[in-house]
Amino acid sequence: MKKQSLKAFSLFMALLLLLSLSPVLAEKKADEAAKEEVLPSIKATLVSDASILLEPRADAAFVAGLMADTSVDVVSLGLTWCKVDAGLAKGYIASRFLKFADTPEDKVFAVVSANNGRLTLREKPSTKSKSLGKLQNGTVTVFLEEGDNNFTKVAVNGKEGYLLTNHLEFSTAKESVGTGVVFHPDHPGKLRKIKMRWEDKTGSNVIGDIKTSTPVVIVSKGDNWYEIETLGKIGYMMKKYIQEDEAPTATAQPAAPVQPAPVQPVAPAQPEVPAQPVSPAVPAPEAPEQPVVPVIPAPETP
């Protein structure tokens with residue numbers, strides 16, 4: 001009986017220990033998950049005051065305003081818009097407002113354009129150096145400096161490395177002309193994959209397969225092809241596979257309230273001036289009558 005009691009007590013204590021450790025384990029797992037969600041980023045500085053917007057379009061909802069020389073983390077590169085993390089605010093900033101390094105104005109970005117469709121990012125400027133990964137054509141990188149042995153130093157996906165200069169196209173920031181999503185006109189609402197290409201024609205120039213419902217930024221429009229940016233790459237897709245976002249309807253401005261015409265104050269009536277009493281007419285004194293002088297006839301002449 002005593003052994004059974006001891007065993008039950010041990011099980012009870014073990015259960016209490018597990019319960020006490022559960023919050024600690026849960027917190028540790030949450031921290032690990034949070035670390036996994038941290039995206040690789042590249043540092044950039046604002047060249048002027050700019051706004052963070054909710055979407056990569058000029059008429060998107062305003063998120064926050066940043067002052068010139070503010071440092072931000074760029075988590076997704078684009079020639080038109082970059083997705084940034086400014087600490088308390090996240091969203092999109094037009095690429096023309098960002099400065100990554102002290103580089104020539106005509107070499108802000110370097111886009112991969114290899115003959116075989118991909119290029120090796122290397123740790124040092126040498127074909128024998130350690131590989132840091134493969135980059136597909138259309139991948140947008142930040143130009144940092146010209147290296148030795150026909151290599152260019154770039155930054156991409158939170159890493160710095162070297163790419164062969166002959167397989168890069170240098171570019172400045174570009175303006176976008178709209179946004180949209182990838183869709184299939186024959187299978188709306190269903191998951192399909194559409195080819196994104198390095199050139200505006202079919203052939204062996206595929207960058208990758210893009211899933212329907214993937215958002216895109218439209219860089220330019222042609223009769224049959226659109227130049228687009230998505231997932232850190234720039235390339236082309238047939239016009240019929242892009243559903244453009246509609247421009248937001250302009251909100252009617254409320255009519256300005258009509259201001260009532262100012263009322264001129266009426267001057268108070270002047271009190272009537274009492275009539276002056278009329279003085280009674282004083283009769284003029286009559287002139288005294290003159291005594292009548294009797295006329296004495298002259299004596300007749302004898």
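1. Accessible areas here come from the Shrake-Rupley method with a 1.4 Å probe, and for residues only the protein chains shown count as cover. On that basis the protein chain exposes about 21,500 Å². Carbon and sulfur atoms supply 56% of that area.

2. Some ground rules. This is a predicted model: local features need pLDDT of at least 70, side-chain atom pairs count only at pLDDT 80 or more, and totals for chains, interfaces and linings use all residues. Residues are numbered from 1 along each chain as its sequence is written, and side-chain values use heavy atoms, leaving out hydrogens and water.

3. The chain has 302 residues, and 30% of them count as buried. Buried means under 20% relative accessible area, exposed over 50%, partly exposed in between (1.4 Å probe, protein chains only).

4. There are two aromatic pairs. Rings of Phe, Tyr and Trp (its six-membered ring) pair if their centres lie within 6.5 Å; planes under 30 degrees apart are stacked, over 60 edge-to-face, the rest tilted. Phe-100 and Phe-109 have ring centres 5.8 Å apart and planes at 70°, so they sit edge-to-face. Both residues are buried.

5. Phe-143 and Phe-170 have ring centres 5.5 Å apart and planes at 90°, so this pair is edge-to-face. The pair links distant parts of the chain, 27 residues apart: Phe-143 lies in strand β11 (residues 140–146), Phe-170 in strand β14 (residues 168–171). Phe-143 is buried at 3% relative accessibility. Phe-170 is partly exposed at 28%.

Methods: Helices (H or I, at least four residues) and strands (E, at least two) are DSSP runs, numbered from the N terminus.
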